Amino acid sequence: MVTVHGFTTGWITTDRAGLIEGGEGQQRIPVLSYLIEHAKGRLVFDTGLHQDLRSDARARLGGLADIFDSVLPTGLAVDERVGGLSDGVDLIVCSHLHYDHCGGNAHLGDVPVLVQRDEWDAAHGGDPLAGYLDADFETGQDVKLLDGEHDVFGDGSVVCIPTPGHTAGHQSLRVRTDERELLLTGDACYFGETFDTGLMPVFANDLERQSQSLELLRTMAAGGSHLIFGHDADQFPDDEVVAL
Ligand SMILES: [Zn+2]
């Protein structure tokens, strides 16, 4: 049996123009992480923000702090969240290595991290304003580099699905529970509005691949997958843990 819990691991307020084509004003979006429990192990998909943000966001984020007002309330850091649900974790899977998706890796102990090789390569030595902070992923944890689709537990229940475009090596996670198939899209699709309108974020590593990945998500949704988006405040309006 596979269970999935989703929860906020912080909040970001930023210009809507950066989130969706034609967006105006500001938007507050949840930062999301998921705990997936499988007979063979407990996995966290995306780990949210690093706790150092609490004392000095600018020291942690540098210039990104000017673009993204990032807050991590007490109790919402990924280790605090996981601590309330489970007795530790065995594995981390990162959709990509932006600071709001892997900042909490360091808080989860000495466990392996699964990430696509293209993402790992892109995250090193890039523009600091591209969203990558070395401190988030240079943690000393074992890193397992993936080259494409990857069946985490070998039974098809938890599978990494490449969805590049937002970043060079972005991946989503398909999870089959007893009840249904979930697709945790990560930033391949920020929210339902993106999915419904096709209006994409204007900043991407590769706009064409981003659109192709959205088409893949649409195909999977049409085939019965239930999509959980990367930063959707309708799906996660508050800090309640959601059993998916
Ligand atoms: Zn991102």
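Where is leucine 97 found? Leucine 97 sits in the loop between β5 and α4, where helices (H or I, at least four residues) and strands (E, at least two) are DSSP runs numbered from the N terminus. The model is predicted, so that local features need pLDDT of at least 70 and side-chain atom pairs count only at pLDDT 80 or more, while totals for chains, interfaces and linings use all residues. Residues are numbered from 1 along each chain as its sequence is written, and side-chain values use heavy atoms, with hydrogens and water left out.

Leucine 97 has a relative accessible area of 1% and is therefore buried, a class that means under 20%, with exposed meaning over 50% and partly exposed lying in between (1.4 Å probe, protein chains only). From C-alpha to C-alpha, leucine 97 and isoleucine 67 are 17 Å apart in space, and in sequence they are 30 residues apart.

The zinc ion is coordinated by His96 through NE2, His98 through ND1, His166 through NE2 and Asp187 through OD, at 2.2 to 2.3 Å; donors are N, O and S atoms within 2.8 Å of the metal (3.2 Å for Na, K and Ca), and because water is not among the atoms, sites may look incomplete. The arrangement is irregular because the four donor atoms subtend angles of 89 to 173 degrees around the zinc ion. Under the criteria used, four donors count as tetrahedral if all angles lie between 85 and 135 degrees, whereas four count as square planar and six as octahedral if opposite donors are over 155 degrees apart and all others between 65 and 115, and anything else is irregular.

Along the sequence, the donor residues of the zinc ion follow the spacing H-x1-H-x67-H-x20-D. Histidine 96, in the loop between β5 (91-93) and α4 (99-102), and aspartate 187, in the loop between β11 (181-186) and α7 (192-197), form a pair that links distant parts of the chain, 91 residues apart. Histidine 96 is buried, with a relative accessible area of 0%, and aspartate 187 is buried as well, at 3%.

Turning to charged side chains, the structure holds nine salt bridges, each defined as a side-chain nitrogen of Lys or Arg within 4 Å of a carboxyl oxygen of Asp or Glu. One of them joins arginine 16 to glutamate 193, with the closest N and O atoms 2.9 Å apart. This pair links distant parts of the chain, since arginine 16 is in the loop between β1 (3-15) and β2 (26-38) and glutamate 193 is in helix α7, 177 residues apart. Another salt bridge pairs arginine 58 with aspartate 66 at 2.7 Å, N to O; arginine 58 is partly exposed at 45% relative accessibility, whereas aspartate 66 is exposed at 58%. Within helix α8 (residues 207-222), glutamate 215 and arginine 218 lie three residues apart, about one turn of the helix, and their closest N and O atoms are 3.1 Å apart in a salt bridge. Asp52, Arg60 and Asp136 are linked in a network of salt bridges.

The largest pocket has a volume of about 630 Å³. Among the 27 residues that line the largest pocket, those closest to its centre are Phe68, His98, Ala130, Tyr190 and Phe203. A pocket here is an open set of points on a 1 Å grid over the protein atoms alone, where a 1.4 Å probe fits, with protein on both sides within 12 Å along at least five of seven lines, and lining residues have an atom within 4 Å of a point. His98 also coordinates the zinc ion through ND1.

Methods
Points joined across faces, edges and corners; volume = space filled by probe spheres on them.
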